[in-house]
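Notebook open, viewer loaded. I'm jotting things down in the order I looked them up.

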Amino acid sequence: MIIAKIKPLEEVQAMIKDFKRILNVGCAGCTAICLAGGQKEVETLNTKLAVSFKEEITSPLIEGFTVERQCEVQFLAELDPMVEDYDALLSMACGAGVQFLAERFPDMKVFPAVNTTFVGINRDIGWYEERCQCCGECVLAITGGICPVTMCAKVLFNGPCGGSQDGHCEVDKNIPCAWVNIYKRLKAQGRLEQILSVFPARDWKNQTQGTFVLEEYQDRYSYKDKEGSQK
Amino acid sequence: MKSGSNLEKILAKSIFAVTGELGPPRGADLDAIREKAKHLKGMVDSVNITDNQTAVVRMASWAASLIAIQECLEPNYQMVCRDRNRIAMQSDILGAYTLGIRNMLCLSGDHQMFGDHPYSKKVFDIDSMQLISMVRKMRDDGRFLNGQEITKPPRMFIGAAANPFGDPHEFRVFRLAKKIAAGADFIQTQCIYNMNRFREFMKQANDMGLTEKIYILAGVTPMKSLGMARYMQKNVPGMDVPEEVIKRIEGVDKKKQASEGIKMCCEQIEEFKEMKGIAGVHLMAIEWEHRVPEIVEQAKLLPRPNPKDLE
Amino acid sequence: MTETTLRPIDVKKIQEMLTLKKSKMKVLLSFCAHCGLCAESCFLYRNHLDPKYVPAYKAINSLGKIYKKKGKVDREQLEEMKELIFKNCVLCGRCYCPLGIDIPSMISLARTICRSQGVFGVFPYAVGEP
Amino acid sequence: MGETHLYYFIRGPLLWIAFLVFVGGIVFRTVQFFKLTRKKDHLIYSPTKNHKERYGKTSDQERKMRFVVSLENSILGQHQAVAILTSFFHVLIFILPIFLLAHNLLLYESWNFSLWSFPESTGDKLTVLFLIVALFFLLRRLLLSKVRALSRTSDYFVWLITVTPFLTGFICYRQWFDYHTTLIIHILSGELMLIAIIFTKLGHMIFFFLARFFIGSEFSLSRGTRTW
């Protein structure tokens, strides 16, 4: 799940202060689950903005509308008939959603209301932890289900480093050392030999924008429209 | 004087400058650099030492720069943002300056996908614009990027690149202005073949008053052959080779294509000498260092001023 | 939150939303053969084997119902639908209709209508938020 | 005789009306479909470029498995009986009336023209098969909870409309009851079915082809050139 965090109110306020009519678009996908951008958060943010704008002479009209997911065209299409009434859109989706919203309405000014933070888990209510950096080449099979790319501050594939002490990271005592945990788990499972040999330098394939099409569907899209290529 | 480098002195004296280019070898090969340097000696005012160009592993730019100094060439130390974070960059700059490097060209760098290690991890900690302002901050404010003081600041003559042919055309000159604002002292442009567009670009730059704030060195690369021209037109990103150039090379006998390329290059240089706002040329004779003397002579750029006379 | 729950249902707004997509939704709703073949394509149905998870059932008993009543629904009815379209469906879009009916778009419209009236799913563990 | 008049009415004008409504319905639904949908956007970039290099290739074994799995996930894999029987049902509902000997005789009588037709006994057997499949669907609707939950009165009614022409045709052929009355019911119900196609869920006859071929989806039968 993508975890996001609402931007400071002042920052959101500064972005939209020059507009008269603003639509705050929520996303009922990931950001709703991490309590950052669902319908409830849209209502809360709108209330907060209304209160903070009250002191100014011309306070803008801020309305809310939550779509199922901002990363799907089908759900964004619901906004088609309404956006014309507004000067600016505020999006409470993750970065992908904000961009897709802006792509859908290229004439609209679109602003993000949340900071997309990481791909992570819900440890408990309101408690999220990063677990994946979307590096594109998963090594969890070898590291016993603990990601060194995310959990190790130095992204070591042959850890732990010399700074590991008492099971925590040298960077921050509140972060467990990924490699100590990897070692413990693999030892307990009796597959320590997996990390006894040198892990060779790996390919970092997610370094250009990723686009992929499932092989079953490649025939559908492995063409470029003639008209399209001329654009 | 900002750095006191040869290039800076020449540019400050409004002498039409010539810079060359030298690509370090793919190996610990001292003689290869010396061989290349031999041809450039006395022909150019400063020579760009490329930093792993097209993302192919080569000898470190600072090391090759030092060898160039030993060969009595003034190096223009290139640094790309692809391979280093700000810590490595600042430390390299300190080291380079300490050992006598005075010019520096700040670039973003080609993406590693073009090179020989396509899936190496990119750094791009800061971009070329930020690198320029970082070097300027180190020189003028005597401070590192984080604001801490430097005991003895490196005084580099800061160069930057500009490509008048990239998209969107109308924005290119604004990007140039940004580089000037960031602190660049001189600009070396991408190889110019489309003279019309370049004239337009220079007119815009002149109109905006940018050329008074910065020295612009026009980039030229002589075409070696028709094949090279075609390759440049199709496969090199950001390169604009008009059809006329191809036709002109195509029009002559295969054996004469190289000399036609040089002739064309010299005609361009003649025009640059007269063009308002151009302070010199940057001659990128790619893997053709031995023809540089010929080109420089044909373009009537000789003799180059002796560094000692500039004092 | 309590403010929205007490707000009366805005029938006019619902009707506006219905009219906007009327022709498409009418076509989809009227051509459903009620064959039940979409059931197995829903992972929730496969897990629970309860007819309330059959995609067509969810669409017909939410959007179909609203259209049947021409938008004149009360909050109770919307709350009833809430379970069907928010809890019993994750809008993964994998429902397979042999006739090519776009079931997710129907459920999505039903959700939109419910949302506009302040009826929406809250993630169960978020109830105890501070 | 009123009955003869009725017979000529339903054989003549009413049949024409039914056919007109049927054809008009197909045209209307097709036009409506194209009005409701729009052309897909053009692809400016090829999304599959450098794909294999970056995301890896699929092995032949995996490709083979994929076929097995997709078959397993299809309706044929999930509900073999339904898939086979529904295919029979839908093929028969088209070919039985068109290639039935009796219908072709009528055609010849009126316009001196006829199509190829089944032998009489084959037509009869296929009708029986059709009726058995129809009964299966009725039982399925009544017995399976997931289908029962979806069923409305209209579903049973439509089932009746669909089955009656075949049932009465079957009875007519046997001449079990009053031939004339069953014949009139037969023709009437057949015409009713044609008319019902545009107005009831039987419209899936048209919609199926439009949606499955023009709208791209996980199971669409083509790339799909249109979108809602």
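This is a predicted model: local features need pLDDT of at least 70, side-chain atom pairs count only at pLDDT 80 or more; totals for chains, interfaces and linings use all residues.

I started with contacts in chain A: 59% of those with a separation of 6 or more are between residues 24 or more positions apart. Contact here means heavy atoms within 4.5 Å.

Residues are numbered from 1 along each chain as its sequence is written, chains are lettered from A and ligands numbered from 1 in the order in which they are written, and side-chain values use heavy atoms, with hydrogens and water left out.

**Chain A, overall.** I count nine helices and seven strands in chain A (DSSP runs: helices are H or I of at least four residues, strands are E of at least two, numbered from the N terminus). Chain A is more spread out than a compact globule, because its radius of gyration is 22 Å, well over the 17 Å that the globule rule gives for 231 residues. That radius is taken over C-alpha atoms, and the rule is 2.2 Å times the number of residues to the power 0.38. Along the principal axes, the C-alpha atoms of chain A fill a box of roughly 65 × 55 × 25 Å. Of the 231 residues in chain A, 41% are buried (under 20% relative accessible area, 1.4 Å probe, protein chains only).

**Chain C.** I found seven helices and zero strands in chain C. Buried residues come to 56% of its 130 residues. Of the chain C contacts between residues at least 6 apart in sequence, 76% join residues at least 24 apart.

**Cores.** Which residues have the most contacts inside the largest nonpolar core? I get A:Leu79, A:Leu89, C:Leu63, C:Ile101, C:Met106 and D:Phe207, in a core of 97 residues. Such a core is a set of buried Ala, Val, Leu, Ile, Met, Phe, Trp, Tyr and Cys residues joined through side-chain atoms within 4.5 Å. A second, separate core has 75 residues, including B:Val44 and B:Met104. Back at A:Leu89, I looked past residues up to four places away in sequence: its contacts include A:Leu23, A:Phe105 and A:Phe111.

**Between chains.** Five pairs of chains touch, and chains C and D have the most contacts. Chains B and C do not touch, with their nearest C-alpha atoms 33 Å apart.

**Confidence.** The predictor gives the complex an ipTM of 0.78 and a pTM of 0.82. Chain D averages a pLDDT of 84 (the predictor's confidence in each residue, from 0 to 100).

Definitions and conventions: Buried means under 20% relative accessible area, exposed over 50%, partly exposed in between (1.4 Å probe, protein chains only).
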